[in-house]
Amino acid sequence: MKAVRKHIVFTGRVQGVGFRYRASHAARGIGVSGWVTNNWDGSVEMEAQGTKEQIQKMLVLLNQGNYIHIDNMDIKEIPLVEKEKGFHIR
């Protein structure tokens, strides 16, 4: 399967609800690499690298959070990061 990298900005109730922890846990379980961080404006920013199927599965898991409510996802495909290891909370 061909790897892709997505830059995603999430808006909604995504800070203070375990979003970054849930993203990290899901990514590690599925084999997605990248990072996630809170932004000053209340959004959460993420870069995720894996197959399209892995990233889609991760997004589905994020949407199943009890307190997380995603209003919008701004998704762009960006160049791969070679030799990236793991998924990190920034």
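User: If contact means heavy atoms within 4.5 Å, which residues of H1 meet which residues of H2?

Analyst: This is a predicted model. In it, Phe 19, Arg 22, Ala 23, Ala 26, Ala 27 and Ile 30 of H1 meet Gln 54, Lys 57, Met 58, Leu 61 and Leu 62 of H2. By class, that makes eight nonpolar, one polar and two charged residues.

User: What describes the packing of H1 and H2?

Analyst: Two packed helices are described by the angle between their axes and the distance between the axes. For H1 (residues 19-30) and H2 (residues 52-63), the angle is about 145° and the axes are 9 Å apart. H1 passes H2 in a right-handed crossing.

User: Why is the charged end of Arg 90 said to sit over the ring of Trp 35?

Analyst: CZ of Arg has to be within 6 Å of the ring centre and within 35 degrees of the ring normal. The charged end of Arg 90 is 4.1 Å from the centre of the Trp 35 ring, and it does sit over that ring.

User: What makes the radius of gyration agree with a compact globule?

Analyst: With 90 residues, a compact globule would come out near 12 Å, and the protein has 12 Å, so the two agree. The C-alpha trace spans about 30 × 25 × 20 Å along its principal axes.

User: How many helices and strands are there, and in which order do they run?

Analyst: Two helices and five strands, running β-α-β-β-α-β-β from the N terminus.

Terms used
Residues are numbered from 1 along each chain as its sequence is written. This is a predicted model: local features need pLDDT of at least 70, side-chain atom pairs count only at pLDDT 80 or more; totals for chains, interfaces and linings use all residues. Side-chain values use heavy atoms; hydrogens and water are left out. Axes are lines fitted to C-alpha atoms, for helices over the stretch in contact, and angles run from 0 to 180 degrees between N-to-C directions. Helices (H or I, at least four residues) and strands (E, at least two) are DSSP runs, numbered from the N terminus. A crossing is left-handed if the near helix is turned anticlockwise from the far one by less than a right angle, and right-handed if clockwise. Contact means heavy atoms within 4.5 Å. Ala, Val, Leu, Ile, Met, Phe, Trp, Tyr, Cys and Pro count as nonpolar, Asp, Glu, Lys and Arg as charged, and the others, Gly among them, as polar. The radius of gyration is taken over C-alpha atoms; the globule rule is 2.2 Å times the number of residues to the power 0.38.
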